[in-house]
Amino acid sequence: MWEWEQTAIFDGELAIDYDGKDMVEFMEFSGGPEGTLKPYIYGVSAFESNADELFELLKSNNDGEVIDDEDGFAYCFDRISIGVTRNSTPESVQQDIEDMKADGVFDRNYVDEELKNANHWATIGLGRAGYYNQGR
């Protein structure tokens with residue numbers, strides 16, 4: 001019997017990865033605050049809450065190592081098997097502002113959009129137990 005992994009994608013906002021035994025291995029909500037799917041984690045709307053507040057909630061429930069290999073753009077909470085990503089961080093927006101000032105250009109619309117991206121998670125991943133420790 002052949003075994004292979006497969007992914008089901010729904011409306012570009014939810015991807016479900018299955019292992020070779022047709023068991024769910026990982027789910028990713030990728031609609032962000034603008035999407036139609038509104039997942040809740042520990043009673044909090046994952047995309048509508050402030051990124052720092054959700055980070056602290058996940059960290060307190062994780063009670064273990066928080067994997068931060070991407071300078072604040074993504075975090076993995078190994079014990080609760082949840083990962084979050086965002087497109088900007090407050091620090092990256094500040095760097096963009098400094099670069100624009102140095103170039104004598106300032107785009108308020110860009111800054112406002114990037115601040116929104118920095119303050120909300122763009123994707124939320126949920127893996128089976130041990131998912132985020134694979135290959136570590």
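Trainee: Why does Asp19 count as buried in this model?

Mentor: In this predicted model, Asp19 has 11% relative accessibility. Buried means under 20% relative accessible area, so Asp19 counts as buried.

Trainee: Where is Asp19 found?

Mentor: Asp19 lies in the loop between β2 (14-18) and β3 (24-29).

Trainee: What makes the approach of the Asp19 side chain to the backbone nitrogen of Lys21 a polar contact?

Mentor: The side chain of Asp19 reaches that nitrogen of Lys21 at 2.8 Å. A polar contact is a pair of N or O atoms within 3.5 Å, one able to donate a hydrogen and the other to accept it. The distance of 2.8 Å therefore meets the cut-off.

Trainee: How many residues of the protein count as buried, as a percentage?

Mentor: The share is 38% of the 136 residues. The protein exposes about 8300 Å², of which carbon and sulfur atoms supply 49%.

Trainee: Which elements make up the protein, and what pattern do they follow?

Mentor: There are three helices and nine strands. Along the sequence, their pattern is β-β-β-β-β-α-β-β-β-α-α-β. The C-alpha trace spans about 65 × 35 × 30 Å along its principal axes.

Trainee: What part of the contacts with a separation of 6 or more comes from residues 24 or more positions apart?

Mentor: Such residues account for 45% of those contacts, where contact means heavy atoms within 4.5 Å.

Trainee: How many positive and negative charges does the protein have, and how far apart are their mean positions?

Mentor: There are 10 positive and 30 negative charges, and their mean positions are 4 Å apart.

Notes: Residues numbered from 1 in each chain as written. Predicted model: local features only at pLDDT ≥ 70, side-chain atom pairs only at ≥ 80, totals over all residues. Heavy atoms only, no water. Helix = DSSP H or I, 4+ residues; strand = E, 2+ residues; numbered from the N terminus. Buried < 20%, exposed > 50% of the residue type's maximum accessible area, 1.4 Å probe, protein only. Areas by Shrake-Rupley, 256 points an atom, 1.4 Å probe, with all protein chains shown as cover. Lys, Arg positive; Asp, Glu negative; His and termini not counted. Charge placed at Lys NZ, Arg CZ, Asp CG, Glu CD.
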